[in-house]
Amino acid sequence: SARPDSLADLAEIVSPAVVNIKVERKQTLRSGPEELFEEFFGQQRPGEKPRKKGPREFSVPSSGSGFVVSGEGLIVTNNHVVENAEKMVAVFEDGTELEAKVVGRDPKTDLALIKVEGRKDFPFAKLSDSKPRIGDWVLAVGNPFGLGGTVTAGIVSALGRDIGSGPYDDFIQIDAAVNRGNSGGPTFNLNGEVVGVNT
């Protein structure tokens, strides 16, 4: 189909179904700077109190994108966005924040399904029944760099791309900008249907 004069109407229709996913995951620091100093010099730094040795845990925040696929609050995202998450919060376009739980994950396809509670009528995106064609216009929606809802547009550049990321490499290459934090967000066709998951 021909490119519309503006994608604003499409963006307005599809954006409420796209969420920012804020994640906290535990990381373990095997040895801190003080322990490295002791290991190298065989002593504590002058004036330092003795410290508890061994690994230390701390929380690391990160974020990605996802999109609601049912009115009951099921959300599709990338597996790597939610992997090892200790806490997940889905942030909707209107600012609503709801804690999410993992329903299922598949590392091989890098897809995950998470769920939020609180409504039975969440705005959701429809999955396309047909594959996109090379040259089709698409709209990618997501949360790049943790900035909140952003849309970028382009065309399908190629199909069946193998980027060496797993046994099911069959990516859709698009020329719309997809940046860090866009992972897990949807790419829509001009009918407002999801044709792919950004990664």
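Predicted model: local features only at pLDDT ≥ 70, side-chain atom pairs only at ≥ 80, totals over all residues.
Local features require pLDDT of at least 70 and side-chain atom pairs count only at pLDDT 80 or more, while totals for chains, interfaces and linings use all residues. Residues are numbered from 1 along each chain as its sequence is written, and side-chain values use heavy atoms, with hydrogens and water left out.

Side chains of opposite charge can pair when their charged atoms come close. The structure contains 7 salt bridges, each defined as a side-chain nitrogen of Lys or Arg within 4 Å of a carboxyl oxygen of Asp or Glu. One of them links Lys 22 to Glu 97, with the closest N and O atoms 3.3 Å apart. Because Lys 22 belongs to strand 1 (residues 18–29) and Glu 97 to strand 5, this pair ties together parts that are 75 residues apart in sequence; strands (E, at least two residues) and helices (H or I, at least four) are DSSP runs numbered from the N terminus. Lys 22, at 35% relative accessibility, is partly exposed, and Glu 97 is also partly exposed, at 45%. These classes follow relative accessible area: buried is under 20%, exposed over 50%, and partly exposed in between (1.4 Å probe, protein chains only).

A further salt bridge joins Glu 117 and Lys 115 at an N to O distance of 3.5 Å. Glu 117 is exposed at 52% relative accessibility, whereas Lys 115 is partly exposed at 22%. Glu 193 and Lys 126 meet in a salt bridge at 3.9 Å, N to O. Glu 193 lies in strand 12 (residues 193–197) and Lys 126 in strand 7, so the contact ties together parts that are 67 residues apart in sequence. Glu 193 is buried at 18%, and Lys 126 is partly exposed at 44%. Through shared partners, salt bridges join Lys 126, Asp 129 and Glu 193 into one network.

The count of aromatic pairs comes to 1, where rings of Phe, Tyr and Trp (its six-membered ring) pair if their centres lie within 6.5 Å, and planes under 30 degrees apart count as stacked, over 60 as edge-to-face and the rest as tilted. Phe 92 and Phe 122 form this stacked pair, at 5.4 Å centre to centre and 20 degrees between the planes. Phe 92 is placed in the loop between strand 4 (85–91) and strand 5 (97–106), and Phe 122 in the loop between strand 6 (111–116) and strand 7 (126–127), so the pair ties together parts that are 30 residues apart in sequence. Both phenylalanines, Phe 92 and Phe 122, are buried.

Ile 134, in the loop between strand 7 and strand 8, is exposed at 57%.

Most residues other than glycine have a negative phi, and most peptide bonds are trans. Asn 84, in the loop between helix 3 (79–82) and strand 4, has a positive phi near 60 degrees and is exposed at 60%. Asp 110, in the loop between strand 5 and strand 6, has a positive phi of about 55 degrees but is buried at 18%.
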